Amino acid sequence: MAVRIVAFSGNTHRPSRTRTLVEAVAAEVARLRNVDLKIFDLVDAGTGIAVASRDALPLPAARIVEAIEGADALIVGSPVYKGAYSGLFKHLIDFVHPDALVGKPVVLAATGGGPRHALVVEHALRPLFGFFSAQTVPTSVYAGDTEIVDGRVADNLVLERVARAAAELDVLLDLDLRQSDRRIAAAR
C-alpha cells in the first residue's frame with residue numbers, strides 16, 4: 001500500500017528553488033518505497049488566505065490544510081525571508097489542527113541566499129513542528145542560491161543530505177510513531 005506523503009513548498013511563485021528541493025526529497029523517498037505523493041506550493045492556496053478562521057479559508061487553501069493533516073508524512077520546505085519562514089507560510093500552517101501532526105514524520109527543508117540562512121531550519125522550522133509534536137527527521141536539507149541550478153540540485157553535499165533525510169523518513173514511516181504517541185497520551 002502506498003504511503004500518503006504531502007510535500008509543501010512555502011513559495012508564492014513557480015518555478016522555485018524551494019519546490020526543486022522539496023521535489024528532490026520526495027523523489028528520493030519514492031525511490032525507497034511506494035508513495036502516493038501530493039505536492040503543493042503556497043501559491044496553490046490562492047488569494048484570500050488572510051482570514052481569521054479555518055472556516056473562512058478559500059477552498060484551495062482548505063484542501064492543502066486537509067491534505068497536510070491527512071498525510072502519513074510530510075516534506076516541508078520554506079524559502080528564508082528575513083531569517084525565518086514567510087508570514088503567509090506560517091499563516092497557512094496556523095490552520096492545521098494542533099493534534100493533527102502528533103507523531104507524524106516530517107522532513108524539513110529550506111532555501112536561502114547564503115550559509116547563514118541555513119539556521120532557519122533549526123531556529124524556526126524545527127520549533128514550529130515541535131509545537132505540533134511531529135517527528136522531524138534528524139537531517140534537515142538546506143540549499144543556498146548556488147546549490148540549485150537550472151531546476152535541479154547541483155551540489156553533492158546537498159544531494160547527500162537529501163538522501164539521508166529521505167532514508168530517515170523511510171525509517172520513521174516503519175516505526176509508526178503516531179501510534180506510540182497515542183498510547184503515551186492515553187497513559188497520562
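Author: Along the sequence the pattern runs β-α-β-α-β-α-β-α-β-β-β-β-α-α, with helices (H or I, at least four residues) and strands (E, at least two) being DSSP runs numbered from the N terminus. The model is predicted: local features need pLDDT of at least 70, side-chain atom pairs count only at pLDDT 80 or more, and totals for chains, interfaces and linings use all residues. Residues are numbered from 1 along each chain as its sequence is written, and side-chain values use heavy atoms, with hydrogens and water left out.

Of the 188 residues, 50% count as buried, that is, under 20% relative accessible area with a 1.4 Å probe, protein chains only. A nonpolar core is a set of buried Ala, Val, Leu, Ile, Met, Phe, Trp, Tyr and Cys residues joined through side-chain atoms within 4.5 Å. The largest such core has 37 residues, and Phe8, Ile68, Leu74 and Phe129 have the most contacts inside it. At least two residues of this core come from each of strand S1 (3-9), helix H2 (59-70), strand S3 (73-79), helix H3 (87-93), strand S4 (105-111) and helix H4 (119-131).

Take Ile68 as the example. Contact means heavy atoms within 4.5 Å. Neighbours within four places in sequence left aside, Ile68 is in contact with Val6, Phe8, Leu74, Ile93, Val96, Leu101 and Lys104.

For the protein, 78% of contacts between residues at least 6 apart in sequence join residues at least 24 apart.
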